[in-house]
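Subject: Structure handover

Hi there,

Here is the structure I promised to pass on to you.

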Amino acid sequence: MVIINSFAEYQAYEGKEIGSSQWHKIDQEQINKFADATIDHQWIHTDEERAKNEGPFKSTIAHGYLTLALIPYLWKQIADIRNVKMEINYGIEQFKFGQAVLVNDEVQLSAKLKSIVDLRGVTKVVIAATLSIKGKTKPAYTGDVVFLYHF
C-alpha cells in the first residue's frame, strides 16, 4: 500500500509502477449479484449448467463490466490518497478485454501512473491499469483509468 499525501508526492510516481492489489476471487454469487444489479442475465454468466455444456469456456464467466467495476475496490488496496476533499472517477480510456474471467478465477489489479497534471487546483491522473488472472499469462484487460482529485 502506497500512501500519498499531496500532489507532489503523487507526482513522484509519474512513469512508475505504483503497485498491485491483493488477489480477489470472483465467485458465482458475485456474478449473479452483478447480473441482478445490471439486469444482464445472459446465460454465459448465470446459467452454470448451460455454460458448462454449451459455452466456449465450459464455465460461467464474469461480466466484463463486473471486472471494470472492481477497479475502485482494488485501487484502494494499492494506494491511499490522503488529504483530498473529493475523488472522482473521471473516465476510462483505451480499454481492451484480452481474456474472459471464469467463475472462481482470482484477479489482481496492477497500476502505473501514466500522467499527472494540476488543472488549476484539480489533480488529473491517468493510471495504466492491468487486471491479471492468477495462473494465466494474458490479462483480463488493460487500459487507462482517469481520476480527478481535489487536494
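Let me begin with Phe97, which is partly exposed in this predicted model, at a relative accessible area of 46%. A search of the whole structure turns up seven aromatic pairs. Phe97 belongs to one of them, together with Tyr65: the arrangement is edge-to-face, with 6.5 Å centre to centre and 90° between the planes. Tyr65 sits in helix H5 and Phe97 in strand S5 (residues 86-97), so this pair ties together parts that are 32 residues apart in sequence. Tyr65 itself counts as exposed, at 60% relative accessibility.

Another pair is made by Tyr149 and Phe151, and this one is tilted, with 6.2 Å centre to centre and 35° between the planes. Tyr149 is buried, with a relative accessible area of 0%, whereas Phe151 counts as partly exposed at 25% relative accessibility.

Which residues of the largest nonpolar core touch the most other members? Of its 35 residues, they are Tyr10, Trp75, Leu109 and Ile127. Helices H2 (28-38), H5 and H6 each give two or more residues to this core, and so do strands S1 (2-4), S4 (79-81), S6 (106-119), S7 (122-133) and S8 (141-150). As a general point, nonpolar side chains in soluble globular proteins tend to be buried together.

Is Thr60 buried or exposed? Thr60 lies in the loop between helix H4 (48-54) and helix H5 (64-69), and it is buried, with a relative accessible area of 2%. Its side chain makes a polar contact with the side chain of Gln28, at 2.5 Å. Beyond residues up to four places away in sequence, Thr60 touches Gln28, Ile44, His45, Thr46, Asp47, Glu48, Ala51, Leu102 and Val103.

Asn104 is the other one, placed in the loop between S5 and S6. Asn104 is partly exposed, with a relative accessible area of 42%. Leaving out neighbours within four places in sequence, Asn104 is in contact with Lys25, Ile26 and Asp27. The C-alpha atoms of Asn104 and Ile31 are separated by 10.0 Å, although the two residues are 73 residues apart along the chain.

Finally, the annotation: an unreviewed UniProt entry places the feature "domain: MaoC-like" at residues 13-129. In the model, that span is 31% helix and 37% strand, and its end C-alpha atoms lie 14 Å apart.

Enjoy exploring it, and write back whenever you like.

Best wishes

Definitions and conventions:
Residues are numbered from 1 along each chain as its sequence is written. This is a predicted model: local features need pLDDT of at least 70, side-chain atom pairs count only at pLDDT 80 or more; totals for chains, interfaces and linings use all residues. Side-chain values use heavy atoms; hydrogens and water are left out. UniProt positions are given in the numbering used here, feature names are shortened, and annotations may be inferred rather than shown by experiment. Helices (H or I, at least four residues) and strands (E, at least two) are DSSP runs, numbered from the N terminus. Buried means under 20% relative accessible area, exposed over 50%, partly exposed in between (1.4 Å probe, protein chains only). A polar contact is a pair of N or O atoms within 3.5 Å; within protein, one must be able to donate a hydrogen and the other to accept it, and residues adjacent in sequence count only if both atoms are side-chain atoms. Contact means heavy atoms within 4.5 Å. A nonpolar core is a set of buried Ala, Val, Leu, Ile, Met, Phe, Trp, Tyr and Cys residues joined through side-chain atoms within 4.5 Å. Rings of Phe, Tyr and Trp (its six-membered ring) pair if their centres lie within 6.5 Å; planes under 30 degrees apart count as stacked, over 60 as edge-to-face and the rest as tilted.
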